Amino acid sequence: QVQLVESGGGLVQAGGSLRLSCTTSGRTFSTYTMGWFRQTPEKERLFLGAISRSGGNTYYADSVKGRFTISRDNAKNTVYLQMNSLLPEDTGVYYCAAYGGPYHLIVVARTPTLFSDWGQGTPVTVSS
């Protein structure tokens, strides 16, 4: 099992940028595929993207492709979500999640229910 703690959320104007971090502890970080999700004010949890164990591959939802970038530093046990060109509809609570099984990144990204460990979330508000 892995423990996850997100940070970096806050208030930003539309068009601005934020970088979220998710630091982990517990089982070896490099054995996890990592994902980012947003929970909307209506409590819907949306998949944003994921990164492979090595960091060599990423997968994004169409809604954030070209604006958001996921990266990881396995030496620091941390995954990042760089968010650019933010829109008011990006408002929500952002969660990182971990998958420690054998499936390939593409399978995990298309089956978000595979993510089994979650952080507590960090809120992001984008004002218009």
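User: What should I know about the model before I start?
Analyst: It is predicted: local features need pLDDT of at least 70, side-chain atom pairs count only at pLDDT 80 or more, and totals for chains, interfaces and linings use all residues. Residues are numbered from 1 along each chain as its sequence is written, and side-chain values use heavy atoms, with hydrogens and water left out.

User: How do I read a sheet, and what is the strand order in the open sheet of four strands?
Analyst: Strands of a sheet pair through backbone hydrogen bonds, either parallel or antiparallel. Strands here are DSSP runs (E, at least two residues), numbered from the N terminus. Two strands pair if DSSP finds at least two bridges between them. In this model, the open sheet of four strands runs in the order 1-3-8-7, with antiparallel pairing. Strand 1 (2–7) and strand 7 (68–73) stand at the edges with a single partner strand each, so one side of each has no neighbour in the sheet. From one strand to the next, the twist averages 20 degrees; axes are lines fitted to C-alpha atoms, and angles run from 0 to 180 degrees between N-to-C directions.

User: Which strands pair with strand 8?
Analyst: Strand 7 pairs with strand 8 (residues 78–83) in the antiparallel sense over six bridges. Strand 3 also pairs with strand 8 in the antiparallel sense, over six bridges. Residue by residue, L20 stands opposite L81, F68 opposite M83, and R72 has V79 as its bridge partner. Strand 7 and strand 8 form a hairpin with four residues between them. In that turn, N77 has a positive phi of about 55 degrees.

User: Is strand 8 largely enclosed or open?
Analyst: Buried means under 20% relative accessible area, exposed over 50%, and partly exposed in between (1.4 Å probe, protein chains only). Five of the six residues of strand 8 are buried, so the strand is largely enclosed by the rest of the structure.

User: How do I read the two faces of a strand, and which residues of strand 11 are covered?
Analyst: In a regular strand the side chains alternate between the two faces of the sheet. Strand 11 (residues 122–127) has T122, V124 and V126 on its covered face, and P123, T125 and S127 on the uncovered one. Strand 2 (residues 10–13) pairs with strand 11 in the parallel sense over four bridges. There, Q13 is the bridge partner of S127. Strand 9 (residues 92–99) pairs with strand 11 in the antiparallel sense over three bridges, with G92 facing V124 as bridge partner.

User: What is a nonpolar core, and which residues of the largest one touch the most other members?
Analyst: In soluble globular proteins, nonpolar side chains tend to be buried together. A core here is a set of buried Ala, Val, Leu, Ile, Met, Phe, Trp, Tyr and Cys residues joined through side-chain atoms within 4.5 Å. The largest has 25 residues; M34, W36, F68, V79, L81, M83 and Y94 touch the most other members. Strands supplying at least two residues each include strand 3 (18–26), strand 4 (33–39) and strand 5 (45–51). Apart from this core lies another of ten residues, among them F37, L105, V108 and A109.

User: How many salt bridges are there?
Analyst: A salt bridge needs a side-chain nitrogen of Lys or Arg within 4 Å of a carboxyl oxygen of Asp or Glu. The count comes to three. R38 bridges D90, with the closest N and O atoms 3.8 Å apart. R38 lies in strand 4 and D90 in the loop between strand 8 and strand 9, so the pair ties together parts that are 52 residues apart in sequence. D90 also bridges R67 at 2.8 Å. R38 is buried at 7% relative accessible area, D90 at 2% and R67 at 14%. K65 and D62 meet at 3.1 Å, N to O, and both are exposed.

User: What does R72 contact?
Analyst: R72 sits in strand 7. R72 is buried yet has no salt bridge; D73, the nearest side chain of opposite charge, is 8.3 Å away. Lys and Arg count as positive, Asp and Glu as negative; His and the chain ends are not counted. The side chain of R72 reaches the backbone oxygen of F29 at 3.0 Å.

Key: Polar contact = N/O pair within 3.5 Å; in protein donor to acceptor, adjacent residues only side chain to side chain.
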